[in-house]
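Dear colleague,

Please find below the structure that I am handing over to you. My findings follow it, and I would be grateful if you read them with the structure open.

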Amino acid sequence: MGKPMKTPWPTRFAENVRNYQGYPIGKTIQYLTDPEIISLAGGLPSPEVFQRSQLKEGSARALEENIDRIMQYSPIPGEKTLVDAVIAFLERDSIRIGRENIVITSGGQSALDLTGRLFLEPGDTVMVDRPTFAGAIVTFQMQRPQFIGVDIEADGSDIVGMRRQLERLAGQEDLPKFIYVVPDFQNPSGITMSLAKREALLDLSYEFDVPVIEDSPYRDLRYRGETIPALFALDQQRDGGHVVGLYTFSKLFCPGMRVGFNIGPAEVITRMTHIKEGAILNTPKWNQDMCTAFLTEWDLEGHLENCRTYYREKLDVFLQTMAEHFPPETGVSWTVPEGGLFLWVTVPEHIDTAKLFFDAIEHKVAFVPGEQFYGENPEHNHMRINFSFVSKEDLAEAVKRLAQCIRT
């Protein structure tokens, strides 16, 4: 007969994950089992813009012509056809790279995971906006860094505040391993970084010799205003080599593909590829082939314009209904994004949105409490709203329910 284990399992876990709690948004969504709840919580693109017929036709052709290769292992850096398609795709954005500057990833979380594993050791410092993408926080947390957050402003990162923190950290010989930003339609705030601040952020990067990680999931989903050059492109114009770019097909094509890509200096990409070798080995070929077709065969610009029109209309409905139900005297305010899938709602300070969440569930509406988007010292009177998934009618109804909940 066997003997009961004397040492509890948790004490055997690696220190990096012994107290790791995973992704809090996933735990929030588990409460949304009632079909009558209108959920503004997830970061889901709308199925209404999915290219179903193209995917069916492209998949049938790929399986007919290349089924043996699809069922086999594929090159770890990525399929050559997809790598070349991505290189051409980025040229639209004045980004010019070679094959040595790109690795295909299994979605945006994989892209972040490679970044955290490559750069971070326990105790290292990461500089982020406050708030910032919760998925980045939880991914980096597996390496047990410390986060230095600087409150984001209406036109992007607070460069003056970042400089102040960098000067302090330089004096302690504890400069961040990198600065993480989402410059375009930030998740969760929807804020876009101005051109002046992008240039100033690069100046900080060069002065303090701290790399910048530019996360770009939503860049092509602009509904108003002029496109601002990517940090990666600006850095290339200045021969800096200080920026690593993270991209995903999840919001532009569909999240079910689980395909993205990282770009950067060759020595960075080589090391990320090595980590991928030891982690997931290769990204499935069929998924990559469908992304290649998406970029090269399926009227990319027509699809993106359709997405922009569709999401713009939803955002307008949401903003209009918010203005109707939350006049200034309520003390409720919100961002007005120029693109992306999210906006940020601020309620009076005495309201804790983590507690409000459960009241909202009773009113059949859901959001993500804002405290989940802070690496340290979270604020509790905010919420992230996703407007892309539910119908325009449900968006208007959700705001009415939210207003009733807050009044109550």
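Which residue in β10 is the bridge partner of serine 333? The partner is threonine 346. Please keep in mind throughout that this is a predicted model.

The strands around this pair may be taken next. β9 and β10 (residues 342-346) pair in the antiparallel sense over two bridges. They belong to an open sheet of four strands, in the order β9-β10-β13-β12, with antiparallel pairing. β9 (333-334) and β12 (368-369) stand at the edges with a single partner strand each, so one side of each has no neighbour in the sheet.

I turn now to the helices. Helix α11 has twelve residues (285-296), which at 1.5 Å a residue should span 16 Å; the end C-alpha atoms are 16 Å apart, in agreement. Ten of the twelve residues in α11 are buried, among them Met290, Cys291 and Phe294. The elements that cover these buried residues include α3 (52-70), α4 (80-91), β2 (102-105) and α12 (300-325). Two of the buried residues, Lys285 and Asp289, are also linked with Arg69 and Glu79 in a network of salt bridges.

Helix α12 also holds arginine 308. Is this residue buried or exposed? Arginine 308 is buried, because its relative accessible area is 13%, under the 20% cut-off. Leaving aside residues up to four places away in sequence, arginine 308 touches Asp220, Arg222 and Tyr223.

The largest nonpolar core has 123 residues, and Tyr180, Phe249 and Phe261 have the most contacts inside it. α12 gives the most to this core, with eight residues. Among the residues that phenylalanine 261 touches are Val86, Ile104 and Phe249.

Finally, there are the salt bridges. Side chains of opposite charge can pair when their charged atoms come close. The count comes to 29 salt bridges. Three of them deserve a description:

- Arginine 92 pairs with glutamate 301, with the closest N and O atoms 3.0 Å apart. Arginine 92 is in the loop between α4 and β2 and glutamate 301 in helix α12, 209 residues apart.
- Aspartate 124 pairs with lysine 177, with the closest N and O atoms 2.8 Å apart. Aspartate 124 is buried at 15% relative accessible area, whereas lysine 177 is partly exposed at 30%.
- Glutamate 153 and lysine 197 meet at 2.4 Å, N to O. Glutamate 153 lies in the loop between β4 and α7 and lysine 197 in helix α8, so the pair ties together parts 44 residues apart in sequence.

Yours sincerely

Notes
Residues numbered from 1 in each chain as written. Predicted model: local features only at pLDDT ≥ 70, side-chain atom pairs only at ≥ 80, totals over all residues. Heavy atoms only, no water. Expected span 1.5 Å × (residues − 1). Buried < 20%, exposed > 50% of the residue type's maximum accessible area, 1.4 Å probe, protein only. Contact = heavy atoms within 4.5 Å. Pairing = 2+ DSSP bridges. Core = buried A, V, L, I, M, F, W, Y, C linked by side-chain atoms within 4.5 Å. Salt bridge = Lys/Arg side-chain N within 4 Å of Asp/Glu carboxyl O.
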